[in-house]
Amino acid sequence: MRGRQRTAFGLAGLLLAGALVAARGAVFKYEDALGVVSYTDDFSRAAPFNPEQLELWEPEADKVKLRYTASGNLFIINELYGPVTVWLQLSQQEGVESERDLGQPITVPARSEHYVSRLRFRGAGSLQLGHRFVLGTPSRVREARLQPPFRGRFRISQGFEGRYSHNLPGNRYALDIAMPVGTPVLAARDGVVLDLAGGFDGNSRDPAARQRTNYVRLLHSDGTMTLYAHLRARSVRVQPGQRVQAGEQLADSGNTGYSTGPHLHFAVQRNDGQRLLAIPFTLLGAEPRQGQWLSFH
């Protein structure tokens, strides 16, 4: 679990004692009273069992941050190559004066500094102000039609709603495609490289190793994103912000992070207004299924 970032700011008499960054896309592992180990993205469900927080593949928290000026103006800085949806988190509401409703989500364009509001705090004590964010902007797309993310003949080792690890909203409609390390991984649609990680070595059967997974995430014109994960270390061929064409090689397949063997984890996700959700997809018009051999040349 990433540590909380704490920064002290002075804002025209307002002390922001510790900007707290909440985890996005968090997954919690817990063991219930019967000894059953489960994973969920609903903290309230896991909370009674002292859960361990795991994280899905996502950008570093400091890529989206808050900035305050001496005159009391609040800005959100988005260093990513795609838009984000941001929620501000205030430790108290009483005494906060703002030009806008701070309880509503804020869309921040790619690579921008976005003005939010001029703030005043006239309450007692100090105000803690933090934020959380989700990649992209809300999308209503329910299904995607894609090209295959590889060439060759490989088997789907875990399909949609797979019981082993495809049972959470962010990966429910993902595929695990068993393939040798070094197989070229191809873009399934035209898009922009939104985010990536490429320097992790090794794999583990411990779900906590999720955060050491190499991946590439592409943003597409309809707001959906494709995710290509467990890539071989130092094989990524693209850079954040780069435009790629369908069929272009992104990286080599690998066996990194939370993985029991060499494979490509492939998913399509959308921002539903609160989090990233996986959505069903077809490859060249056909729905992929558990255990199926896929052959594309």
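Here, "partly exposed" covers whatever falls between buried, under 20% relative accessible area, and exposed, over 50%. Keep that in mind while walking through this structure, which is a predicted model.

Let's take the salt bridges to begin with; there are nine of them. Arg67 pairs up with Glu113, and their closest N and O atoms sit 2.3 Å apart. Arg67 belongs to strand β6 (residues 64–68) and Glu113 to strand β11 (residues 112–118), so this contact ties together parts that are 46 residues apart in sequence. Glu113 has 40% relative accessibility, so it counts as partly exposed. Arg67, with a relative accessible area of 32%, is partly exposed too.

Another salt bridge joins Arg122 to Glu97, with 3.1 Å between the closest N and O atoms. This one also links distant parts of the chain: Arg122 is in the loop between β12 (120–121) and β13, while Glu97 is in strand β9 (residues 96–97), 25 residues away. Arg122 is exposed at 58% relative accessibility, whereas Glu97 is partly exposed at 37%. Then there's Glu287 with Arg289, where the closest N and O atoms are 3.8 Å apart. Glu287 comes out partly exposed at 41%, and Arg289 exposed at 52%.

Now for a sheet. Three strands make an open one in the order β10-β8-β13, paired antiparallel. The edges are β10 (106–108) and β13 (129–135); each has a single partner strand, so one side of each is left without a neighbour in the sheet. On average, neighbouring strands here are turned by 35° against each other, ignoring direction. Between β8 (residues 84–90) and β10 there are three bridges, and Thr85 stands opposite Thr107 in β10.

What about the inside? The largest nonpolar core has 29 residues, and those touching the most other members are Leu146, Leu218, Tyr228, Leu250, Phe266, Phe281 and Leu283. Several strands supply at least two residues each, among them β15 (152–158), β25 (263–271) and β28 (293–296). The top contributor is β25, with three residues. Look at Phe266: leaving out residues up to four places away in sequence, its contacts include Leu146, Tyr228, Phe281 and Leu283. There is also a second, separate core of 26 residues, which includes Val64, Leu66, Val84 and Leu88.

Methods
Residues numbered from 1 in each chain as written. Predicted model: local features only at pLDDT ≥ 70, side-chain atom pairs only at ≥ 80, totals over all residues. Heavy atoms only, no water. Core = buried A, V, L, I, M, F, W, Y, C linked by side-chain atoms within 4.5 Å. Buried < 20%, exposed > 50% of the residue type's maximum accessible area, 1.4 Å probe, protein only. Helix = DSSP H or I, 4+ residues; strand = E, 2+ residues; numbered from the N terminus. Contact = heavy atoms within 4.5 Å. Pairing = 2+ DSSP bridges. Axes fitted to C-alpha atoms, helices over the stretch in contact; angles between N-to-C directions. Salt bridge = Lys/Arg side-chain N within 4 Å of Asp/Glu carboxyl O.
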